[in-house]
Amino acid sequence: MAEPLLQVRGLEVHFPIRSAMLRRRIGTVRAVDGVDLEVARGETLALVGESGCGKTTTGKSILRLIEPTGGSIRFAGEEIARHPPARLAPFRRRMQIVFQDPYASLNPRMTVGGILAAPFEIHRIGDAKDRAERVAALLRTVGLPPEAARRYPHEFSGGQRQRIGIARALALEPELVIGDEPVSALDVSIQAQIINLMKRLQAELGLAYIMISHNLAVVSHVADRVAVMYLGRVVETAPREALFFDARHPYTQALLSAVPEPVPGRRRARQVPQGDVPSPANPPPGCHFHPRCPLAIARCAQEAPAPRIVAPGHAVACHLVSP
Amino acid sequence: MSAAVSAPEGQLARVWQRFRRHRLALAGAFVVALLMASALFASVFAPQDPTLLDTSLRFVPPFTDWRYPLGTDELGRDTLSRLLHGGQVSLTVGLVAMVTTVLTGALIGIAAGYLGGIADTLLMRFVDTMLCFPQVFLLLVVAAFVPPTLLSISLVIGLTSWMEVSRIVRAEILHLKEQDFVAAARALGASRTRIMVRELLPNAAAPILVAATLKVASAVLMESYISYLGYGVQPPLASWGNMLTNAQGYFDTVPWLAILPGAAITLTVMGFNFLGDGLRDALDPRLRMDP
Amino acid sequence: MIGFVARRLLQAIPLLIGVSLIGFGLMHLAPGGPLAVYTLNPTIQAQDIERIRIIFGLDQPIHVQYVKWATGIVSGNWGYTFFGGRPVLDVILERLPATMLLMGSALSVAILLGLSIGILGAVRRYSVFDVLATTGALFALSFPTFWFGLMAIYVFAIQLRWLPSGGMWELGEEGNILSLLRHLVLPTMVLALVITATWSRYSRSAFLEVMHQDYMRTARAKGLPPRQRLLRHAFPNAAKPLIALLGVELPFLFSGALVTETIFGWPGMGRLFVDALNMKEYPVLMGMMMFTAIFVIIGNLLADIAIAAIDPRVRLQ
Ligand SMILES: Nc1ncnc2c1ncn2[C@@H]1O[C@H](COP(=O)(O)OP(=O)(O)OP(=O)(O)O)[C@@H](O)[C@H]1O
Ligand code: SF4
Ligand SMILES: [Mg+2]
């Protein structure tokens with residue numbers, strides 16, 4: 001494989017828990033606890049996991065919207081995990097994000113035109129007239145009429161807002177777009193439209209995507225590769241087919257069995273995860289999954305399993321899985 | 001976009017509907033409008049020159065002489081004209097002080113809320129410290145030092161009363177900055193200044209507007225009080241506060257000289273307070289993020 | 001609990017330092033500085049000013065002056081008045097009882113009245129009484145204290161001649177409790193007005209909130225009579241925000257007392273402050289700023305401790 005567009009190694013985001021009064025640190029939320037990811041140019045990597053497992057935090061910390069507390073982020077070969085804001089500036093044009101909640105991600109006090117012109121203002125691209133043309137072109141790209149520029153976000157439906165969010169992400173012609181559950185807040189009937197729009201744009205513009213989702217069914221349509229997250233760690237990474245037909249990690253298998261629309265040829269009902277997801281403020285020792293894992297052995301509670309390559313492009317972090 | 005209404009109209013309509021239900025607030029708005037108009041056109045409405053002395057016509061009682069509708073004072077000056085010009089002075093000071101208060105408070109509140117960390121701790125400790133001093137003490141000490149001009153009085157009032165505003169704005173910013181539209185701006189590489197001014201400030205407009213209205217009321221009150229004590233607006237320029245000081249000397253015989261400026265102060269303070277209270281109800285913070 | 005008190009005390013220290021810095025800075029950054037009063041007086045010679053400057057230590061670097069002044073504050077040496085050379089702390093403490101008497105009586109009246117109005121309003125929400133009380137409070141809050149004071153004097157002292165218009169005693173009646181009480185009525189009434197309004201508003205909302213909590217519903221379900229429910233369950237819970245209010249409102253109480261004292265010639269700290277202002281008595285002004293600020297800090301500290309005593313959960317935060 002050629003050099004990946006994005007390579008993440010051992011990414012950590014630990015939030016301090018502070019006491020209400022003296023602001024002393026009394027604990028740590030290990031929202032992201034050693035994540036490895038790779039994304040090639042033009043491909044789609046799906047990042048899948050249950051609610052609260054740290055997907056959003058992973059996505060935002062790759063963009064340095066949340067400061068990572070450890071690990072490395074290489075974009076196009078350059079280490080950016082510790083770049084100061086000034087050196088980060090050129091990378092802001094190359095990586096963008098589409099947010100989960102289209103109601104909170106657009107400034108309610110700005111017109112859509114203002115929201116979409118912001119990227120050009122910030123990077124001093126073009127004059128006012130030029131920017132207006134670019135805004136109109138962006139709106140056309142995502143299937144909205146140019147008059148939309150004069151309106152405010154609250155006048156649009158969820159799907160339309162998400163189109164605006166996508167337009168903003170595309171304004172600076174990025175190479176990588178992180179979609180943080182871009183359709184989970186939308187009506188099912190609208191979801192396909194947005195997914196198709198994103199697929200079309202990927203083909204036209206050669207974008208790479210990280211598609212965050214808690215829904216394996218959504219992912220099956222768009223992903224080239226899938227990474228499964230559990231409590232701050234990636235437990236299995238595999239090409240789409242391998243993941244759906246040859247999942248090795250007990251957690252992935254459990255997730256697949258819970259997919260409402262079972263993937264043909266793979267139907268195992270026994271492994272619905274037992275119990276609640278433990279809190280990242282107090283993760284279990286060893287393999288984070290062991291309290292819920294039907295196959296757990298004594299070693300699982302003591303030692304965290306390292307990822308192992310089981311096939312080309314397929315890595316699994318489980319003591320029971322050997323290459 | 002079927003049921004699309006243009007944004008400002010749609011939101012304003014809702015705010016107006018809530019506001020209308022608040023009868024005291026409507027009355028407040030009416031009083032404020034009336035005061036603004038009378039201050040703006042003081043020289044048009046005033047029947048006399050407010051500084052014109054006529055010792056042959058001292059202490060004319062109200063409603064007895066059509067040339068002096070509200071009577072005259074100890075130097076034979078027309079009370080109505082002095083009230084109108086005093087109102088001009090009071091409202092000017094009130095508004096300039098309010099602007100100072102709001103600018104300082106909003107700036108500090110935004111900086112503390114958005115920057116967080118050490119900046120937040122230091123700024124908020126500063127606010128806590130300032131709030132330990134009774135405002136009237138602080139105000140009088142500073143007012144006694146600086147030569148009293150309309151501008152200096154306004155600035156002194158403004159600079160000793162911004163602390164609550166900064167707390168309100170900070171709380172609002174703390175809530176706003178977690179929203180994804182701020183993250184989106186950062187992802188685009190927006191500077192901190194741009195985020196604070198373009199993204200956050202407009203969204204904090206509602207609580208700032210409410211605070212601003214209430215601050216005019218307290219500034220008018222403060223001005224009248226320090227003028228009454230002699231550290232505010234200086235004669236011969238009329239202000240409601242220094243009219244009261246003069247009137248106090250003839251209190252037992254000509255009480256209307258004290259009643260009128262006091263009533264004017266009360267009316268103004270009430271007008272702005274009721275207006276601010278109504279605005280607070282109407283601009284319910286939850287409205288802003290409504291779909 | 002001891003740990004809680006210790007932590008709260010520690011937190012007060014930066015506040016005290018901040019207060020002293022602002023107080024000190026205000027006096028020294030003022031145009032003309034603390035000696036402005038002498039430089040403006042033509043009868044005082046330049047060399048005299050220089051002498052005073054050295055006596056008061058004003059020739060030393062500013063940080064040295066601050067440290068000297070701050071250690072003085074801690075050790076009880078608050079400096080001397082320009083006129084008369086009396087210890088500043090004595091001058092202030094001398095006026096403290098009168099102010100405490102006025103603030104205490106106004107606060108008692110206000111809390112009693114405000115609490116009753118607020119609770120009754122909360123219990124009978126949206127009744128005629130409640131609407132009148134909330135509207136009335138809104139009016140009262142907009143009433144300029146000093147004008148209200150003047151009007152009270154006009155009506156009760158000048159027109160009706162029921163009560164004296166100012167001062168603390170009649171001449172020659174010093175120490176006569178009855179005379180003192182007669183003099184106390186009007187200032188108390190004036191100062192209490194705004195505080196009563198604030199208290200009725202706060203206690204109304206505190207009780208409304210408490211009354212909709214689960215434990216109140218449980219108490220009703222258990223068949224406890226209304227009076228019992230109010231006393232045993234609502235009161236202790238609503239007390240917390242109200243005690244906090246007591247601490248927070250202290251600076252306003254001082255401001256109000258200053259205004260009231262100047263109107264009624266009440267010989268307390270407020271009167272002293274205005275007199276010191278007129279005579280440009282910087283040491284007294286600085287001392288009073290510090291005194292009230294320290295008073296406010298201690299007041300808030302006590303309020304916090306009282307709340308923690310009522311509610312053990314607060315201590316653990
Ligand atoms: N600023 C923060 N401070 C402390 N904890 C946080 C913070 N942000 C997130 N967390 C915690 O980190 C964990 C991961 O959160 P994250 O939002 O990344 O999860 P997610 O996988 O995106 O979940 P969802 O599917 O619900 O969006 C959660 O337990 C969350 O409570
Ligand atoms: S390491 Fe152990 S606990 Fe973790 S998934 Fe594998 S078997 Fe289960
Ligand atoms: Mg998420």
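Predicted model: local features only at pLDDT ≥ 70, side-chain atom pairs only at ≥ 80, totals over all residues.
Q: How many helices and how many strands does chain B have?
A: From the N terminus on, the elements of chain B run α-α-α-α-α-α-α-α-α-α-α-α-α. The count for chain B is therefore zero strands and 13 helices.

Q: What percentage of the residues of chain B count as buried?
A: A residue counts as buried when its relative accessible area is under 20%. Chain B has 291 residues. The buried part of chain B is 58%.

Q: Among contacts in chain B between residues at least 6 apart in sequence, what percentage join residues at least 24 apart?
A: The contacts considered in chain B are those between residues at least 6 apart in sequence. Of these, the part that joins residues at least 24 apart is 72%.

Q: Is C:Thr99 buried or exposed?
A: C:Thr99 is found in helix 5 of chain C, residues 88-123. Its relative accessibility is 1%, and the cut-off for burial is under 20%. C:Thr99 therefore counts as buried.

Q: Which side chain does a polar contact of 2.9 Å join to that of C:Thr99?
A: Not counting residues up to four places away in sequence, C:Thr99 touches C:Trp266, C:Gly268, C:Met269 and C:Gly270, as well as C:Glu261. The polar contact of 2.9 Å joins the side chain of C:Thr99 to that of C:Glu261.

Q: Which element gives the largest share of the shell around ligand 1?
A: In chain A, strand 2 (25-39) and helix 1 (55-62) are the elements that give two or more residues to this shell. The largest share is three residues. These come from helix 1 of chain A.

Q: How many residues of the shell around ligand 1 are charged?
A: The shell has 14 residues, and A:Ser51, A:Gly52, A:Lys55, A:Thr56 and A:Thr57 come nearest. Five residues of the shell are nonpolar and six are polar. The charged residues number three.

Notes:
Residues numbered from 1 in each chain as written. Chains lettered and ligands numbered in written order. Heavy atoms only, no water. Near = heavy atom within 4 Å. Helix = DSSP H or I, 4+ residues; strand = E, 2+ residues; numbered from the N terminus. Nonpolar A, V, L, I, M, F, W, Y, C, P; charged D, E, K, R; others polar. Buried < 20%, exposed > 50% of the residue type's maximum accessible area, 1.4 Å probe, protein only. Contact = heavy atoms within 4.5 Å. Polar contact = N/O pair within 3.5 Å; in protein donor to acceptor, adjacent residues only side chain to side chain.
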